[in-house]
Amino acid sequence: VQRMVLRGMAEREAILVMSCPGVARTVRGGDELEVNFETGELKDLTQGIVLRGSAITGPMAELYEAGGMLPLLKKKIREGNVAARIAQVPRT
């Protein structure tokens, strides 16, 4: 999946993608995983293995915590951090 597609998904849906070396070789289909995006730790609960990946920090963490781009913009406007208005988007 291309980086721009993932970034677009994150902006709308707050989906995070984390880099974790070795995950494709180690994790098997059906394994239960636990991911900590703040530390970059990925636990394979099925196999009892812990892998270290890259933590999600900065703007991407803030975007995820807010629940997506629109909630983040609304929050920033409420706080007075954005000098802009959010256009009304028709609901589908």
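Two strands are taken to pair if DSSP finds at least two bridges between them, and helices (H or I, at least four residues) and strands (E, at least two) are DSSP runs, numbered from the N terminus. With these terms, Lys 43 stands opposite Val 50 in E3.

This is a predicted model, in which local features need pLDDT of at least 70 and side-chain atom pairs count only at pLDDT 80 or more, while totals for chains, interfaces and linings use all residues. Residues are numbered from 1 along each chain as its sequence is written, and side-chain values use heavy atoms, with hydrogens and water left out.

The protein chain holds 4 helices and 3 strands, and from the N terminus on its elements follow the order α-α-β-β-β-α-α. The strands form an open sheet in the order E1-E2-E3, with antiparallel pairing. E1 and E3 stand at the edges, each with a single partner strand, so one side of each is left without a neighbour in the sheet. From one strand to the next, the twist averages 15°.

Strand E1 (residues 33–36) is joined to strand E2 (residues 41–44) by 4 bridges, and within this pair Glu 34 has Lys 43 as its bridge partner in E2. The two strands form a hairpin with 4 residues between them, and Gly 40 in the turn has a positive phi of about 85°. The hairpin of E2 and E3 has 4 residues between the strands, and Gly 48 takes a positive phi near 75°.

Leu 42 and Leu 51 return in the largest nonpolar core, which has 6 residues and also includes Met 18, Cys 20, Ile 56 and Ala 61. Such a core is a set of buried Ala, Val, Leu, Ile, Met, Phe, Trp, Tyr and Cys residues joined through side-chain atoms within 4.5 Å, where buried means under 20% relative accessible area, with a 1.4 Å probe and protein chains only. Cys 20 touches Leu 42, Leu 51, Arg 52 and Gly 53 (heavy atoms within 4.5 Å), when residues up to four places away in sequence are not counted. Over the protein chain, buried residues make up 20% of the 92 residues.

Key: Buried < 20%, exposed > 50% of the residue type's maximum accessible area, 1.4 Å probe, protein only. Axes fitted to C-alpha atoms, helices over the stretch in contact; angles between N-to-C directions.
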